[in-house]
Amino acid sequence: MLCAISGEAPQYPVASRKSGNVFERRLIEAYIAENGRDPVTDEDLSTDDLIELKTSRIVQPRPPTLTSIPSLLSIFQKEWDALALETHTLRQQLIQTRQELGTALYQHDAAARVIARLSLERDEARKALSRVSVHSGPAVTGEAMQVDSTGLSKDLVAKIGATQEQLSKTRRKRGVPDGWVTSEALNSFTPIEKSKVLYDGARSFAMNTRGDSALLGGKDGRVGVYSMSDKAIVQEMNVGHGSITDALWIGDRVAASTSTGHVRIWENGTELADFSGHAGEVTALALHPSGDILASVGVDKSYIFYDLTTRSIAVQILTNSALTTAGFHPDGHLFAAGGVDSQIKVYDVKSATNAANFDSTGPIAAMSFSENGTWLATAANGSTIVSIWDLRKAAVLHRIDISGPISAVEWEYSGQFLAIGGPGGLVVQQYSKTSKAWSEPLKIAVAAVAVRWGTSAGALLCLDTEGCLTTLTTKVINRV
């Protein structure tokens, strides 16, 4: 008989009731005290399960001192027994670890195969969806597709028509408002205030109609209301995931879009709606002149109109490329979206038909309709040139080169001044109806990835690359 642990003939042999294996008593009792299991079968085992085996024994002499050879041999024997027990335990642990590692590697390989298959199916589905073309009326290219077949409700269509009729009647006759900024005043604009870093990674911001609060957010998923008088964030909302890609005011309510495809609306810090119609990042938002329709565009090649009265998605339209910018015509009957395919796509809001396409030199980075109702300013990503399009002729009317990359363009209400911002500085161009010529009343080295006009155009607010707001104005403004 040999001990199943040491492999030697045991002096005090015992056998397991459960497995039948033979062990040296002192070795198995030590193993049970430490692990409580059979070292061979790994079953639960206690000392009560051990059966002493009767064998002829040799009476050992009294233990000698360590100075004798037998004493040394006894010490070596004990060390050997301990080493044999530890080696056996390590062998068992090694076998178990190998089995666990093999199982984990198999599961990882299976998961990787499933992910690869699902990713391939998703890409094929998106590619197939982008090739679908459904026409609901005459179109320039026929590349727009209505994702849902219901279209805009009759109430929204009527509201769009009423808004267009009301605004278009007065647009031509409207003069420059009293107290509006002049080119002389713009020439004296200078930075008078710069905020601390508000939100890291902020890409855009919006001013409320009173001009006393700015709305912006950053890459940490927070959007806040910045008080111009208090010079501090007075209200903050958290989207929970993703970064803020755009934000705007809807009266006293606020809306924000995220990199995870959500569009959220709050009022006094309370969330009113959370839309997730986009399959990917939402890149821009726009508000209809009626104030009852919100638009969003995204990398999923679609734009969505939201009915703010019912807080629901009114319609979703699929185009032929990922979209980067958005804007409504001042009369509200046209909607423009810039794409990564270097096209500005103009759609009829009521019918969703493609009214026109304007070709640019690169992915569209910025876009703004003029309040005169006939001009559209656009800039391509990385370009130093702003193109002024005449919507009536579908052609470029004028080009402005600011000798630096452009991030933002913004017309003010009177349609005279166009603010152009970029990392290298801010430029304001003026068009004179009298002389029919362009001039440059302001050029200043203030970084502006986004720019907005203040009340009566008496100030310019710029968002820089660090997330700080800079206010430019003059203490004395000449009045017209």
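# Close-up views of a predicted protein model

**View 1. R25, E29 and E52 are linked in a network of salt bridges.** A salt bridge here is a side-chain nitrogen of Lys or Arg within 4 Å of a carboxyl oxygen of Asp or Glu. By this rule the model holds 23 salt bridges. The structure is a predicted model, in which local features need pLDDT of at least 70 and side-chain atom pairs count only at pLDDT 80 or more, while totals for chains, interfaces and linings use all residues. Residues are numbered from 1 along each chain as its sequence is written, and side-chain values use heavy atoms, with hydrogens and water left out.

**View 2. Confidence along the chain, with residues 132-143 under 50 in pLDDT.** The pLDDT is the predictor's confidence in each residue, from 0 to 100. Its mean over the protein is 88, and 91% of the residues reach 70 or more. For residues 132-143, the model has 18 contacts beyond four places in sequence, a contact being heavy atoms within 4.5 Å.

**View 3. Helix α1 (residues 25-35) and its buried residues.** Helices (H or I, at least four residues) and strands (E, at least two) are DSSP runs, numbered from the N terminus. Buried means under 20% relative accessible area, exposed means over 50%, and partly exposed is in between (1.4 Å probe, protein chains only). In α1, L27, I28, Y31 and I32 are buried. Seen down the axis of α1, these buried residues fall within an arc of 130 degrees, so they line one face of the helix. The arc is that of the directions from the helix axis to the C-beta atoms. A33 and E34, on the other side of α1, are exposed. Just after the helix, G36 has a positive phi of about 70 degrees.

**View 4. A nonpolar surface patch made by I69, L72, L73, I75 and F76.** The area of the patch is about 510 Å². Patches are made of residues with over 30% relative accessible area and no salt bridge; like charges are joined within 9 Å, and nonpolar side chains (Val, Leu, Ile, Met, Phe, Trp, Tyr) within 5 Å. Accessible areas come from the Shrake-Rupley method with a 1.4 Å probe, and for residues only the protein chains shown count as cover. I69 is found in helix α2 (residues 69-130). With a relative accessible area of 63%, I69 is exposed.

**View 5. The salt bridge between D200 and K219.** The closest N and O atoms of this pair are 3.1 Å apart. D200 lies in the loop between β5 (190-194) and β6 (205-207), and K219 in the loop between β7 (213-217) and β8 (222-227), so the pair ties together parts that are 19 residues apart in sequence. D200 is partly exposed at 44% relative accessibility, whereas K219 is exposed, at 55%.

**View 6. Two further salt bridges, E271 with R264 and R392 with D390.** The N to O distance is 3.4 Å for E271 and R264. E271 is partly exposed, with a relative accessible area of 38%, and R264 is buried, with 10%. For R392 and D390, the N to O distance is 3.2 Å. R392 is exposed, with a relative accessible area of 59%, while D390 is buried, with 3%.

**View 7. Positive phi at N268 and at A457.** N268 is not a glycine, yet its phi is positive, at about 55 degrees. The residue is found in the loop between β12 (263-267) and β13 (270-275). N268 is exposed, with a relative accessible area of 64%. A457, also not a glycine, has a positive phi of about 55 degrees. A457 sits in the loop between β30 (450-453) and β31 (460-463) and is buried, at 1% relative accessibility.

**View 8. Two loop residues, G251 and H333.** G251 is in the loop between β10 (244-250) and β11 (253-258). Its relative accessible area is 53%, and G251 is exposed. The C-alpha atoms of G251 and E267 are separated by 9.7 Å, the two residues being 16 residues apart along the chain. H333 lies in the loop between β18 (323-328) and β19 (334-339). With a relative accessible area of 18%, H333 is buried. Not counting residues up to four places away in sequence, H333 touches I160, Q164, Y347, D348 and V349.
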